[in-house]
Structures are given as structure tokens and as C-alpha cells.
Amino acid sequence: MRFEWKPEYDELARKLLTQHFGNAQGLTWCFPCMRDAYNWSEHRPDVADPRVPAKNNTEYHGLERYASQYHATAQYEFAYHHWLLAACWRREDMRANDFNDEAHLKAIRYTIKHALYNEAIHIWQKSARGKPPPPEDFDLSARDLENKEAKAWSET
């Protein structure tokens with residue numbers, strides 16, 4: 001299974017954004033960022049305004065935090081939605097700031113893995129048959145999921 005951004009995710013992400021936040025402004029209001037000073041010059045001297053990627057970072061990490069909390073409480077459909085939104089937000093941040101490195105691509109793939117895993121668990125949950133899909137089918141480790149769950153419970 002490949003964990004790359006697919007064109008059909010664009011429309012789905014727009015629908016999910018509307019469903020959960022109303023619009024992009026609704027999402028940004030959900031995750032305020034008070035960092036107006038950030039020593040970006042050491043890491044990305046080509047970025048004109050360091051507040052933009054710092055703010056975007058707050059937003060996709062917030063979406064990932066929500067996704068982990070939904071997963072921990074067995075709300076797998078919403079976890080799927082938020083992981084996919086996080087992947088979209090990361091992708092758009094990468095495109096807007098011309099971040100074309102492997103680390104950013106890897107982070108997008110990671111969020112897509114979580115999205116697809118939660119979608120599969122949601123489908124399994126609705127069917128109430130058999131065993132849930134193993135995280136390894138999505139190139140995820142059970143240990144990583146346990147750590148994310150523990151962290152999610154500590155944040156709620």
C-alpha cells in the first residue's frame with residue numbers, strides 16, 4: 001500500500017474542513033499561535049516571515065493532537081478526518097513555503113498512514129465482525145500507537 005497524497009484527497013479535505021471547522025479561518029482560530037518571534041534564520045533563512053510556518057505548525061500539530069484524542073476514545077471516523085486534514089495542512093504548508101525535503105514528505109506520509117488506519121478501524125467498528133486491522137498493515141507500529149494513546153489521555 002502506498003501512502004502518498006492522492007488527488008481525491010483534495011476535495012475530501014475541503015469537505016472535512018467545512019464539516020469540522022466551517023472554513024480555514026475556523027481552523028486557524030482553533031489553534032492560536034502566540035509565537036511572534038522565532039529564530040527561523042538558523043533553520044530556513046529563505047522564509048520571508050517566520051510567523052507563517054510557525055503558525056501552520058501549530059495548526060497541523062493541533063489537528064494531529066485532536067486526531068490522537070479521537071483515536072484514544074474510539075472515535076475512529078473523526079480521527080480519520082483529522083489525520084487527513086493534518087496531512088492536507090502539512091502539504092499546503094510545504095507547497096506554500098517551498099519545503100521540498102524528504103522530512104516534510106515523510107511527515108505527510110506518516111499522517112496519511114494514520115488517516116487510512118483510522119478509516120479502516122472505523123469501517124471495522126461499524127461491521128462488528130472479525131478482528132480490527134493491525135497497524136502494521138499501514139506501516140505503523142503498535143508501540144507508536146500505544147504511546148500516542150497514552151499522550152492523548154494525558155492531554156484530555
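Ala, Val, Leu, Ile, Met, Phe, Trp, Tyr, Cys and Pro count here as nonpolar, Asp, Glu, Lys and Arg as charged, and the others, Gly among them, as polar. By that rule the lining of the largest pocket divides into three nonpolar, four polar and five charged residues.

This is a predicted model: local features need pLDDT of at least 70, side-chain atom pairs count only at pLDDT 80 or more, and totals for chains, interfaces and linings use all residues. Residues are numbered from 1 along each chain as its sequence is written, and side-chain values use heavy atoms, without hydrogens and water.

**Pocket.** A pocket is an open set of points on a 1 Å grid over the protein atoms alone, where a 1.4 Å probe fits, with protein on both sides within 12 Å along at least five of seven lines; lining residues have an atom within 4 Å of a point. The lining of the largest pocket includes H61, W83, Y110 and K148.

**Aromatic pairs.** Rings of Phe, Tyr and Trp (its six-membered ring) pair if their centres lie within 6.5 Å; planes under 30 degrees apart count as stacked, over 60 as edge-to-face and the rest as tilted. The count comes to six aromatic pairs. Two of them are tabulated.

| Pair | Centre distance | Plane angle | Class |
|---|---|---|---|
| Y70 and F78 | 5.3 Å | 80° | edge-to-face |
| W83 and Y110 | 6.4 Å | 90° | edge-to-face |

Ring pairs also link F21, F31 and Y66 into a cluster.

**Accessibility.** Buried means under 20% relative accessible area, exposed over 50%, partly exposed in between (1.4 Å probe, protein chains only). W83 is buried at 2%. Y110 is partly exposed at 26%.
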